[in-house]
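The report below describes a single protein model, going from its overall make-up to individual elements and residues. Please read it alongside the sequence and the coordinates.

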Amino acid sequence: MGNSLLPKHIKHITVPPVKCQGIKTKLVNFIASSISWEGKGKWIEPFLGSGVTAFNILAPKALLADTNPHIINLYRQIQKREIDRNTVKEFLEFHGAKLEKGDGDYYYEIREQFNRTKDPLLFLFLNRASFNGLMRFNANGNFNVPYNHKPNRFSKAYISKICNQVSTLQNILMCVDWEFITAPWEHTIAQANANDFVYLDPPYIGRSSDYYNSWSYEDALKLSTQIHSLPCGYAMSMWLKNKFRTNEYIDNFRTKDEILTFNHFYHIGASETLRNSIVEALIIKPGYSNKQNFGNVKLYLQEEIALDNMWDKKSQNDLYSHRLHRFHR
Ligand SMILES: C[S@@+](CC[C@H](N)C(=O)[O-])C[C@H]1O[C@@H](n2cnc3c(N)ncnc32)[C@H](O)[C@@H]1O
C-alpha cells in the first residue's frame with residue numbers, strides 16, 4: 001500500500017460550508033478507511049452534495065459534479081476567490097441582522113431575490129438559515145423551503161463558524177487541482193480513466209420529488225448497471241437496512257461487488273428507547289476495498305468513539321456502534 005492515498009484515517013473532519021440532505025460527515029471515516037486507492041488519477045464524485053467526502057479524502061486531482069448548479073457555483077466562486085471569509089462575514093452580518101428584525105417576511109424577501117438572481121451568497125444564506133440545510137426546489141427550479149424561525153439564527157458564533165468553513169475550503173482549493181461542474185452523473189462518469197476512482201452517493205430512491213434531487217428505481221438500476229463497466233475503481237454509498245426493512249436494491253450488487261457495512265446508531269428523541277439504527281453500506285469494486293479492515297473491529301470501534309467527541313455538538317447525543325465485516329454471500 002505504501003504511498004497510497006487510501007485507506008486512511010482522518011483525525012479532524014473538515015466540515016463544508018454547505019449542508020444538504022444525506023450529508024456524509026459522520027461516515028467520512030468509514031468511507032476513507034474502507035477504500036484502497038493509490039490516488040494517482042482523479043477522485044470523481046458525480047453526486048457531490050455538500051462535498052464533505054472529497055474535502056476530506058483530499059485527492060490532488062478531482063472532478064466534482066452535481067446537477068444542483070447552486071452548490072457548484074458557490075464552490076467555484078470560493079475557488080476563484082470571488083467569495084471568501086470576508087465577503088461571507090459582511091453578507092451574513094448584514095442580512096442576519098435584517099432577518100432578526102424582519103423575521104419570516106425578510107426570509108421570503110431573500111428567497112424571492114435568490115430565485116430571481118441565483119446569487120451564490122443568497123444561496124448560502126438560505127442554506128444556513130434553514131434547519132439542517134434542508135434544500136428543496138420546486139418544479140420550476142425555485143428554492144421553496146419555508147421559513148423556520150430560530151432566534152438569533154445568524155449569531156456571531158454561527159457566522160464565524162461558517163466563515164471558518166469557507167476559508168478552510170479555500171485553503172484546500174489553493175493546493176489541489178479540482179474541477180467543479182454542473183452535470184448529470186452519466187456525463188461525469190464518462191470522464192473516468194483507469195487510474196481514477198469514482199465515489200457515488202446518489203439520492204435515496206423515491207424519497208423526494210425535488211427538482212435537482214429526484215431519484216427513481218429506474219435511475220438506480222441504470223446506475224448500478226453502468227458502474228460495472230467503469231474502467232477504474234468505484235465505491236457507492238447506500239443504506240442496507242433499518243429496524244423495519246432491508247434495501248432490496250442492494251441485491252443488484254451482491255454477486256459482483258464487495259459490501260462493507262457500518263452500523264450507525266442515532267437518537268430520534270431524548271430517551272434511550274427512541275434509539276434507532278441504520279446499517280450503512282459501501283459497495284466496492286473487487287480489488288479496491290481495504291482488506292485490513294476486515295476483522296479489525298475493536299481498533300475501529302475505539303477510533304470512532306474518540307472521533308465522536310470531536311464532532312459537532314449536535315451529534316454528541318448520538319451513539320455509534322461501528323461494525324465492519326465482510327458480507328457473506
Ligand atoms: C445524497 S446527496 C449527496 C450527499 C453528499 N455525498 C454529501 O455528503 O454531502 C445526492 C446529490 O446528488 C445530486 N443529484 C441528484 N440527481 C442527480 C443526477 N441525476 N446527476 C448528478 N447529481 C444528481 C443531488 O443534487 C444531491 O446533491
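Two residues are taken to be in contact if their C-beta atoms, placed from the backbone, lie within 7 Å. Helices (H or I, at least four residues) and strands (E, at least two) are DSSP runs, numbered from the N terminus. The model is a predicted one, in which local features need pLDDT of at least 70 and side-chain atom pairs count only at pLDDT 80 or more, while totals for chains, interfaces and linings use all residues. Residues are numbered from 1 along each chain as its sequence is written.

**Overall picture**

The protein contains 9 helices and 7 strands. Of its 329 residues, 36% are buried, where a residue is called buried if 20 or more other C-beta atoms lie within 10 Å of its own, exposed if 12 or fewer, and partly exposed in between, with C-beta atoms placed from the backbone. Among contacts between residues at least 6 apart in sequence, 73% join residues at least 24 apart. The mean pLDDT, which is the predictor's confidence in each residue from 0 to 100, is 85, and 83% of the residues reach 70 or more. Over residues 294-329, however, the pLDDT is below 50, although this stretch has 39 contacts in the model beyond near neighbours in sequence. Where pLDDT is low, the predicted coordinates should not be read in detail.

**Helices α3, α4 and α5**

The buried residues of α3 (69-79) are His 70, Ile 71, Ile 72, Leu 74, Tyr 75 and Ile 78, and what covers them includes β2 (61-66), α5, α6 and β3 (177-182). The axes of α4 (residues 85-117) and α5 (residues 120-129) come within 9 Å and cross at roughly 100°, which means that α4 is roughly perpendicular to α5. Here axes are lines fitted to C-alpha atoms, for helices over the stretch in contact, and angles run from 0 to 180 degrees between N-to-C directions; angles under 35 degrees count as roughly parallel, over 145 as roughly antiparallel, 65 to 115 as roughly perpendicular and the rest as oblique. The residues that meet include Phe 91, Leu 99 and Phe 114 in α4, and Leu 122, Phe 125 and Ala 129 in α5. By class, the residues of this contact divide into 14 nonpolar, 3 polar and 1 charged, where Ala, Val, Leu, Ile, Met, Phe, Trp, Tyr, Cys and Pro count as nonpolar, Asp, Glu, Lys and Arg as charged, and the others, Gly among them, as polar.

**Backbone and loop residues**

Two residues other than glycine have a positive phi, as the table sets out.

| Residue | Phi | Location |
|---|---|---|
| Arg 81 | about 65° | loop between α3 and α4 |

The peptide bond from Leu 6 to Pro 7 is cis, with omega near 10°, and Pro 7 is placed in the segment before α1 (28-34).

Lys 42, in the loop between α1 and β1 (43-45), is buried, because 23 other C-beta atoms lie within 10 Å. Its C-alpha atom is separated by 4.8 Å from that of Lys 61, 19 residues away along the chain. Leaving aside residues up to four places away in sequence, Lys 42 touches Ala 59, Lys 61, Ala 62, Leu 63 and Asp 196.
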